[in-house]
Number of protein chains: 4
Amino acid sequence: MTTSIKKIGVLTSGGDAPGMNAAIRAVVRACAFYNVECVGIYRGYQGMIEGDFKEMGPRAVKNIINKGGTVLKSARSKEFMTTEGRQKAHANLKENGIDALVVIGGDGSFTGAEIFNSEYKFPVIGIPGTIDNDIFGTSHTLGYDTALNTVVEAIDKIRDTANSHNRLFFVEVMGRDAGHIALNAGIGAGAEEILIPEENLGLDRLIDSLRKSKESGKTSSIVVVAEGDKIGKNVFELKDYVEENMPEYDVRVSVLGHMQRGGTPSCFDRVLASRLGVKAVETLLEGKTNLMVGLLQDKVTLTPLEQAIKGQSRVDAELVKVSDIISI
Amino acid sequence: MTTSIKKIGVLTSGGDAPGMNAAIRAVVRACAFYNVECVGIYRGYQGMIEGDFKEMGPRAVKNIINKGGTVLKSARSKEFMTTEGRQKAHANLKENGIDALVVIGGDGSFTGAEIFNSEYKFPVIGIPGTIDNDIFGTSHTLGYDTALNTVVEAIDKIRDTANSHNRLFFVEVMGRDAGHIALNAGIGAGAEEILIPEENLGLDRLIDSLRKSKESGKTSSIVVVAEGDKIGKNVFELKDYVEENMPEYDVRVSVLGHMQRGGTPSCFDRVLASRLGVKAVETLLEGKTNLMVGLLQDKVTLTPLEQAIKGQSRVDAELVKVSDIISI
Amino acid sequence: MTTSIKKIGVLTSGGDAPGMNAAIRAVVRACAFYNVECVGIYRGYQGMIEGDFKEMGPRAVKNIINKGGTVLKSARSKEFMTTEGRQKAHANLKENGIDALVVIGGDGSFTGAEIFNSEYKFPVIGIPGTIDNDIFGTSHTLGYDTALNTVVEAIDKIRDTANSHNRLFFVEVMGRDAGHIALNAGIGAGAEEILIPEENLGLDRLIDSLRKSKESGKTSSIVVVAEGDKIGKNVFELKDYVEENMPEYDVRVSVLGHMQRGGTPSCFDRVLASRLGVKAVETLLEGKTNLMVGLLQDKVTLTPLEQAIKGQSRVDAELVKVSDIISI
Amino acid sequence: MTTSIKKIGVLTSGGDAPGMNAAIRAVVRACAFYNVECVGIYRGYQGMIEGDFKEMGPRAVKNIINKGGTVLKSARSKEFMTTEGRQKAHANLKENGIDALVVIGGDGSFTGAEIFNSEYKFPVIGIPGTIDNDIFGTSHTLGYDTALNTVVEAIDKIRDTANSHNRLFFVEVMGRDAGHIALNAGIGAGAEEILIPEENLGLDRLIDSLRKSKESGKTSSIVVVAEGDKIGKNVFELKDYVEENMPEYDVRVSVLGHMQRGGTPSCFDRVLASRLGVKAVETLLEGKTNLMVGLLQDKVTLTPLEQAIKGQSRVDAELVKVSDIISI
């Protein structure tokens, strides 16, 4: 490790996600391992502007690996979008001797990091943390695997009652403009149909598919709908549409909502967070900057932040086909 | 056991609830134990009318004690509300040699059982099964304890993200016109305020309470709202009202929905279901009828179905007070 | 509230149990509500002797209601069994202006409290906290309901593999000399046999029962064994004995162990802890002492500590019968 | 699809694993999708010998995607290791018109499949199902991800009580001769040390490490031990050794046992099982044989069964290093 970095700041920004605490813990402990100091920055960029800092030794992060949310809290900062805001932030970092930053968040957070770096040549490394899995350059973002388990557990419960009553349920799940959660959790939950932004099934085909389901002997059905779905109707309008066109169905809606963002992280997310947190510190200490650490083909990799921001994370076409086959 | 009962029918009716399968299992096995036959009736009273019956021996109910929903399925039957419907149902029972009925459900289901008994002198025993805990004559209905755990687990997840962002969440929970789920899960989840139908807090006091919360240093808050709350606004209107009056708050809404009705039953619900199922069979075999088996003061008890239907299950005033004290 | 009590100390002692944190939170907040100060005492009586104290305001206990273990930590203190130890402890309390104690723990902890009160006329109230449910004067101890759920969830998993292989499993559960956990979790998990200290089934009857199980068509079986069972063999010896006498069985053993003591408390335990914590403070403020707060017939009650220590918590004979019936 | 395959048999063999049911479901439904018949073979190769078959249409596998264990049951068959056994098995397949086999299991099961193919030119495809993740040619076996979550949840509970009492826990986890579960779950659970067969830490270094832990301020510790660990002592001997050498520690042991093999599969395992099940059928229909479907670098791939059996699945050196760094 050849850099002159002596103190690394770490922050969480944007929507919180399970595994962020495990990543904070890994960053803090990797700093201790490599003999650099570590400072926790509260409430993302806003805390950077307000100087809301706290020195963190390895014991400061004990018993957080299994906690949802983020002990450093998160916030969206309008002030950081201004030159003045970033100036204040930079002054605070300098005053506190902070040499480099690890930013845990999504593409909005990475954009802030990029701009900050371009203005102040401040070393920054990003760790992708969002349940939506919509970041280019990593097969998995922190929190995504946990959210998938949360969603399938919730749909398992809904299926109990759907089965008992021969009902059709529309279940809306998160994911912003990406269908990753809907597609994977839909397959995992044994959904009959999955509506995602990337594939516009169309209303007619949905009705067709439900008719076939019924004819094939299915007595209850689950349709998983991504919040960003482009079918042109929200989940409550979908219910109305189906009820009009298939009056034989008793249709219900469930919007899973914010519980998808929380919860004890899965083992996968804890391990991923630990790997990415360590790698982020090592990458800074190697003198690199403007990179996102991520997981590609099971290996920890580096992707330029710029690509991570601009690139698009696509759903796997094979999965769409698998979904069609196994819902027969 | 002195009756001439030789074959008992068992059905689930109304909304399904975790623990119904455990109760079915207990009824079936108690029949085997006491050497009477047992017949499962599918889809509640509707299946009784349609003759949708199945003989059930003790092995037929293996591995269902831990399953949510009901293997006998449930339905609401308009036909059973007619004299003709009940006539058909009675004819089917006679034809199949069924002497007595165990009805697992809520007050609507019990009303059906009462009328059926009054017309045909058919022995009936009720087992209270509903997550809402709104049945007089039992401290706990089947599924209630499980639903409480489902709700607190969901709110625990929501709290992760509420804490990370300093937010206020309104969480709507089930319970029809009763505040049991809201009050108990609200206490269990550490809610700042709990809005239940039995206590009209009023909008002004809600705002007052949230102001005090904020002043006392709380940075995030959960308000649990019972679906039958009488405050005069639904949960989305509440959000708007609070945002207007307290613009400093970032308010979110989560409606937990149907996942509350499903899931693996808790140990409490499994044991309760086992006790009530056995007692229902024993009570029929003792020649009694028109009773609900329930739990009062930790003991299995009998309550006339008429009282169970007309009586009111009240929330405990001590709990309301405890909630006020610990949310300080 | 008429006493001169101005500052209450709270400690956890003996084995930890889920719900202890919820009880600490309730004690701290009830103190705030009634305008008395509250001091957390770390590591039970040992911390009292060493003066390991911390003032606790209502915000100090935020976000702990859902945490297993105890934030005040627990310990067994040999020194507190000596006159000198208790003298030091008393001096520390006086020095810190602590007027009264809430002790969360089991009968050993209550015995310490009783002796301390008899020597120093120091007001003490006990809250029963142990997963074993072996305290007289309360139908439920803190942590018991959670432990039951932990055990049935573990056995549900074991049953998956038992069913897949037609195996017999002996599962040892906690409970010290009491069979509460084994009996209730055994019923909840659908166990074929339950061996508890209170009922000596005998080895011959066990073999008989397993034979009947097999003849009745059961292809796999779970036998739940309480750790304090008096059958004269430990769970591994039981395995050997059954394998010798029933070579057709593939027998396995699982000792669930310490995971039974931890975990997120159930809603029941959180609500119970909240009620008992509030009542403990109120009871002290009413000038009472040497009492245990508990739950009897669904109501919060007071039992003299002496009775709580000497009395015996019995398993319900009805449950033993139910277990026999439903395992047919 | 160009083969003459008209009927595919599917079986589960060896130790069961969560996700096997989801794989069975995917095989059955893919057969329906591609218009070939599907037959479930009970109890692995033994059922093949005994002709324990059942035709399975797409509705036969409803509501099993979320169930642990295997609805087809599993068994180890000594008879299948004989020429006569395999002859009987082959005769049964022919008699039932079964053209090809999907074998879900571990390397023992694959060896059986290979031999069977070499003798009868019978098309076989393997799906790796075992919690141990010890199969070459796939990054993940079915059940492995679920087992990791089961283990970290159990250790989370143990940590509650470890923290409350300042204890050292040795937790033994499954994995046969592979350290995958121990290493990943150990990192996920925040273990201080992880003992795996692939790395012999040695007793002296273990003591050293625990000493450093203590000095660094850790008050409780978890050591995760793989069942196949080569340190020369079992987990109870380890306890004794540490207590002798570090009398300041209160050491406990927990052997997690068979609960690791069961439970509701994680979303990951359900999706993986769905993908592999579909691919297994497609591969047979493409006229291929003697291959294992697996996941490599996030893609479904084919590996010759022979390699899958002989190759070795290694733990990732990066993970060992990460574990060292974050347990500082």
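This is a predicted model: local features need pLDDT of at least 70, side-chain atom pairs count only at pLDDT 80 or more; totals for chains, interfaces and linings use all residues.
**Who touches whom**
- Chain C puts 31 residues into the contact, and chain D puts in 31 residues as well.
- If you're looking for salt bridges between chain C and chain D, the count is 0.
- Polar contacts do turn up: 16 residue pairs across chain C and chain D, both partners at pLDDT 80 or more.

**What the chain C side is made of**
- Helix 5 (144–165) and strand 9 (251–255) of chain C each bring at least two residues to the side that touches chain D.
- Helix 5 of chain C gives the most there, with 9 residues.
- Sorted by type, the residues of chain C that touch chain D come out as 17 polar, 8 charged and 6 nonpolar.

**The sheet in chain C**
- Chain C has an open sheet of 7 strands with mixed pairing, in the order 3-2-1-4-5-10-11.
- Strand 3 (53–55) and strand 11 (299–304) of chain C sit at the edges with a single partner strand each, so one side of each has no neighbour in the sheet.
- On average, neighbouring strands of this sheet are turned by 25° against each other, direction ignored.
- Strand 1 (residues 7–12) and strand 4 (residues 100–105) of chain C run parallel and are joined by 5 bridges.
- Within chain C, C:Ile8 stands opposite C:Ala100 of strand 4.

Terms used. Residues are numbered from 1 along each chain as its sequence is written. Chains are lettered from A and ligands numbered from 1 in the order in which they are written. Side-chain values use heavy atoms; hydrogens and water are left out. Contact means heavy atoms within 4.5 Å. A salt bridge is a side-chain nitrogen of Lys or Arg within 4 Å of a carboxyl oxygen of Asp or Glu. A polar contact is a pair of N or O atoms within 3.5 Å; within protein, one must be able to donate a hydrogen and the other to accept it, and residues adjacent in sequence count only if both atoms are side-chain atoms. Helices (H or I, at least four residues) and strands (E, at least two) are DSSP runs, numbered from the N terminus. Ala, Val, Leu, Ile, Met, Phe, Trp, Tyr, Cys and Pro count as nonpolar, Asp, Glu, Lys and Arg as charged, and the others, Gly among them, as polar. Two strands pair if DSSP finds at least two bridges between them. Axes are lines fitted to C-alpha atoms, for helices over the stretch in contact, and angles run from 0 to 180 degrees between N-to-C directions.
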